[in-house]
Amino acid sequence: MASVFLRGGRECLRRCVGTRQSHAQAKCRDILEGELEGIREAGTWKSERVITSKQAVTIRVEGQQAGILNFCANNYLGLSSHPEVVQAGKDALDKYGAGLSSVRFICGTQSIHKELEEKIAKFHGREDAILYASCFDANAGLFEILLTPQDAVLSDELNHASIIDGIRLCKARKSRYQHKNMQDLEAKLQEAQDARMRLIVTDGVFSMDGNVAPLPEICALAEKYNAMVFIDECHATGFFGKTGRGIEEHFGLPTGQVDIINSTLGKALGGAAGGYTTGPQELVTLLRQRARPYLFSNSLPPPVVACASKVFDLLLESSGFAEKVQANTDRFRSQMTDAGFTIAGENHPICPVMLGDARLASTFADHMLERGIFVIGFSFPVVPKGKARIRVQISASHTFEDIDRTVEAFKQVGKSLGVIS
């Protein structure tokens, strides 16, 4: 009888708990739907277009009959579907398998992981490199390990979210300086002179605006106030600078002016996944011992490693990819400016076409798709309110004919929507 009573009590408890969860869930649903409706009403709803083909200059988009010209991918070098890159991934899948089922220090390191780290360090002219699942993880793993409460970190106010989140994890004294404002940075460096170590942190290229950090001035201040310099090169590695070495090369600075570089394999360098830190050997060794995203995340899958490794081979052989990206960028920016559009940023393949209004940006992108051009409207919270835009991204795989066709479509849509006359 007692067992029957207990079973009945447990069943009653399960029903009560289930009811309580259901009520809580219903309340949560109401709250979330209110948030979603607010996004819709503000005109900032972000729909995901479904691509039914590989990432390339011409793609297939669900609901569209013909191929679409792609102008919104981070595939700056056009290598995400390059035959040699794809073949390298296939070969690695056969030889090394789909994945390691483990983290690096247990049984998740293969020879190809070490080889890729060596190529990364060589490409950047640094002592060593460490791989992560993403550059978000690289940024999450660095600051907590490098900086202590005795240190100070000075970060550009428009740095990427992953940098912001990574800095939050560390216990250093934190300062944000005004975007690219060297007077404000210097003032904050002066305030931090009692710190054991000072680290200036900046994106190399700010991805929403396509503008470039003033690295020569930053390095001069670092020298003056005995600080280290960190840059996130996700939107520069492989294609910015004469041979694609990034911001140092773009400004003609000696290799090594920047102390620590974080970057990604998921944009220009194959477009799959992965990120890394490259810099002093002692730092990289310490990260292998203590960085949480490295110690507690599975190692990069062999096909991803092999694809990225082949990209570095191609870049180490030739600078032609970077040269083609720049020629295409020059052509697009000059023609769009001549047509009357406002293009933000500097001479970078990220070309934000500034529109201001969120609904206008979304409508403009829809009209471009009807003309066979794939671009996306960016609005709050991705960019500040009143700063909506279409972020066009140029690839080495675009032809001049692709550029000209896209500019002509922008002109047609711009005139129809009253953006240009």
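Q: Which residues show that helix 13 and helix 15 meet?
A: In helix 13, Ala327, Asn328, Arg331, Phe332, Gln335, Met336 and Ala339 meet Phe400, Ile403, Asp404, Thr406, Val407, Phe410 and Lys411 of helix 15, where contact means heavy atoms within 4.5 Å. By class, the residues of this contact divide into eight nonpolar, three polar and three charged; here Ala, Val, Leu, Ile, Met, Phe, Trp, Tyr, Cys and Pro count as nonpolar, Asp, Glu, Lys and Arg as charged, and the others, Gly among them, as polar.

Q: What kind of model is this, and how are its residues numbered?
A: This is a predicted model, in which local features need pLDDT of at least 70 and side-chain atom pairs count only at pLDDT 80 or more, while totals for chains, interfaces and linings use all residues. Residues are numbered from 1 along each chain as its sequence is written, and side-chain values use heavy atoms, with hydrogens and water left out.

Q: Why are helix 13 and helix 15 called roughly parallel?
A: The axes of helix 13 (residues 320-339) and helix 15 (residues 400-416) come within 10 Å and cross at roughly 25 degrees; such axes are lines fitted to C-alpha atoms, for helices over the stretch in contact, and the angles run from 0 to 180 degrees between N-to-C directions. Angles under 35 degrees count as roughly parallel, over 145 as roughly antiparallel, 65 to 115 as roughly perpendicular and the rest as oblique, and helix 13 and helix 15 are therefore roughly parallel to each other.

Q: What makes helix 14 oblique to helix 15?
A: Helix 14 (residues 358-370) packs against helix 15 at an angle of about 130 degrees, with the axes 10 Å apart, and that angle makes helix 14 oblique to helix 15. Phe364, His367 and Met368 in helix 14 meet Thr406, Ala409, Phe410, Val413, Gly414 and Ser416 in helix 15, a contact with five nonpolar, four polar and no charged residues.

Q: Why does Ala409 count as buried?
A: Buried means under 20% relative accessible area, exposed over 50%, and partly exposed in between (1.4 Å probe, protein chains only). Ala409 is found in helix 15 and has 5% relative accessibility, so Ala409 counts as buried. Leaving aside its neighbours within four places in sequence, Ala409 is in contact with Met368, Arg371 and Ile373.

Q: Why is Lys411 called partly exposed?
A: Lys411, also in helix 15, has a relative accessible area of 28%, which is why it is called partly exposed. Not counting residues up to four places away in sequence, Lys411 touches Ala339, Phe341 and Ile420.

Q: Are Gly99 and Ser102 buried or partly exposed?
A: Gly99 lies in the loop between helix 2 (83-96) and helix 3 (104-107), and Ser102 lies in the loop between helix 2 and helix 3 as well. Gly99 has a relative accessible area of 40% and is therefore partly exposed, whereas Ser102, at 8% relative accessibility, counts as buried. Gly99 and Pro301 are 202 residues apart in sequence and 4.6 Å apart in space, C-alpha to C-alpha. Ser102 touches Cys107, Gly108, Asn298 and Ser299, not counting residues up to four places away in sequence.

Q: How do you know that the span of helix 4 agrees with its number of residues?
A: Helices (H or I, at least four residues) and strands (E, at least two) are DSSP runs, numbered from the N terminus, and the expected span of a helix is 1.5 Å times one less than its number of residues. The 14 residues of helix 4 (residues 111-124) should therefore span 20 Å, and the end C-alpha atoms are 20 Å apart, which agrees. Among the buried residues of helix 4 are Ile112, Leu116, Ile120 and Phe123, and the helix is followed by Gly125, whose phi is positive, near 70 degrees.
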